Amino acid sequence: MKKTSLWNPLLLLLTAAIWGTAFVAQSVGMDYLEPFTFNFVRSIIGGIVLLPCIAFLDKQKSRESVSSTQKKSELPDGEEWSKCGEPAGDLNKERRTLVLGGVCCGAALFVASSLQQIGIQYTTVGKAGFITAMYIILVPVFGIFRKKKVGAKIWLCVLLAVAGLYLLCITEGITVGSGDLLVLLCAAAFAVHILIIDHFSPLTDGVRLSCIQFFVCGLLSGVGMLLFEAPSIGAVLQAWLPIGYAGVLSCGVAYTLQIVAQKGMDPTVASLILSMESVFSVLSGWLLLGQSLAPRELSGCVLMFAAIILAQLPEKRKRKQESR
């Protein structure tokens, strides 16, 4: 069982809140820009925002390493040490892991965000939100292939969350169109993204991993932009506010929080918390845009919150072990 602190679910909940409120910016940005162009600009902004954060953290680490290496009078025979006080071989292995993880995360994020941006143009916002959040089912299903066991309580939480999402997002009859299929593929890509993070986040630096994934996603989006769209600097400048919000907060802050907070967490529980973005998108529409909440939507919010709280409660067997 993975050990996590209270901060992990709280940071993931903050991530979901940022994504939920950023949905408005994402929709407004599409009024000015095409999908690949929007994703290219916001991903590059997200990567750039993290560069000073990495520089600051490096300074902190170098100060700590200097104080620790000063205590060493001599190096071990035949051992080459890096500036950080780690063997050079271990450092090279960590760098390879970081680059591989960043490329894998960035590729998955590119596929997911592109499918979402394109698919949302051909379906309703409610259906798009519901189908996208289906990664809460796909994460444990995909996790079976990685031999990750999911308990009965978590499956119950997943079912509660799906029921809540249905009440929250679906206000009309269910029909399946091309946009719905694209968003369903987007949900599968987000599930893969969560599992990739679950694999790489314990192995490397989370902020660096996030930074690389944004530049990879931005590069791939830039290729799609040049091949299929006609980007305009004027349109980018017109959409500076939604792009800035999506780039700085949704990308630079939220995705980094996801990587940092998901370290050590069960990926299925993490996906449950992240699916709360649908609830926050509805609440932000109520608070910021004056959109009313129907009793059906409120019931959906209650079920979602109940699922998240139930998923965080320790099991009886675990409580007994901790009490010993």
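**First stop: H5 against H7**

Select helix H5 (residues 135-144) and helix H7 (residues 178-200), whose axes come within 8 Å and cross at roughly 55 degrees. Axes here are lines fitted to C-alpha atoms, for helices over the stretch in contact, and angles run from 0 to 180 degrees between N-to-C directions. H5 passes H7 in a right-handed crossing. A crossing is called right-handed if the near helix is turned clockwise from the far one by less than a right angle, and left-handed if anticlockwise.

Display the side chains next. From H5, Tyr135, Leu138, Val139, Phe142 and Gly143 make the contact, and from H7, Ala187, Ala188, Phe190, Ala191, Val192, Ile194 and Leu195. Contact means heavy atoms within 4.5 Å. By class, the residues of this contact are eleven nonpolar, one polar and no charged. Ala, Val, Leu, Ile, Met, Phe, Trp, Tyr, Cys and Pro count as nonpolar, Asp, Glu, Lys and Arg as charged, and the others, Gly among them, as polar.

**The whole chain**

Zoom out. This is a predicted model, in which local features need pLDDT of at least 70 and side-chain atom pairs count only at pLDDT 80 or more, whereas totals for chains, interfaces and linings use all residues. Residues are numbered from 1 along each chain as its sequence is written, and side-chain values use heavy atoms, with hydrogens and water left out.

The chain has 14 helices and zero strands. Helices (H or I, at least four residues) and strands (E, at least two) are DSSP runs, numbered from the N terminus. Of the 324 residues in the chain, 47% are buried; buried means under 20% relative accessible area, exposed over 50%, and partly exposed in between (1.4 Å probe, protein chains only). Among contacts between residues at least 6 apart in sequence, 91% join residues at least 24 apart.

**H11, an enclosed helix**

Select helix H11 (residues 267-274). Eight of its eight residues are buried, so H11 is largely enclosed by the rest of the structure. At the N-terminal end, Asp266 caps H11, with a side-chain oxygen 2.8 Å from the backbone nitrogen of Thr268. A polar contact is a pair of N or O atoms within 3.5 Å; within protein, one must be able to donate a hydrogen and the other to accept it, and residues adjacent in sequence count only if both atoms are side-chain atoms.

**H1 and its two partners**

Pro9, Leu12, Leu13, Thr15, Ala16 and Trp19 in H1 meet Ala270, Ile273 and Leu274 in H11. The residues of this contact divide into eight nonpolar, one polar and no charged.

How do H1 and H10 pack? Their axes are 9 Å apart, at an angle of about 155 degrees. That makes H1 roughly antiparallel to H10, and the crossing is left-handed. Contributors from H1 include Leu12, Thr15, Ile18 and Trp19, while those from H10 include Tyr245, Leu249, Val253 and Leu257. This contact has 17 nonpolar, seven polar and no charged residues.

Within helix H10 (residues 240-262), centre on Leu249. Leu249 is partly exposed, with a relative accessible area of 29%. Ile45 is 204 residues away from Leu249 in sequence, yet their C-alpha atoms are 9.9 Å apart.

- Ser43 is in helix H2 (residues 35-69). Is Ser43 buried or exposed? At 2% relative accessibility, Ser43 counts as buried. Leaving out residues up to four places away in sequence, Ser43 touches Phe214, Cys217, Gly218 and Cys251.
- Asp205 lies in the loop between H7 and H8 and is buried, at 19% relative accessibility. A polar atom of the Asp205 side chain lies 3.3 Å from the backbone nitrogen of Val207.
- Leu227, in helix H8 (residues 206-228), is exposed, with a relative accessible area of 61%. The C-alpha atoms of Leu227 and Phe36 are separated by 9.7 Å, although the two are 191 residues apart along the chain.

Conventions:
Parallel < 35°, antiparallel > 145°, perpendicular 65-115°, else oblique.
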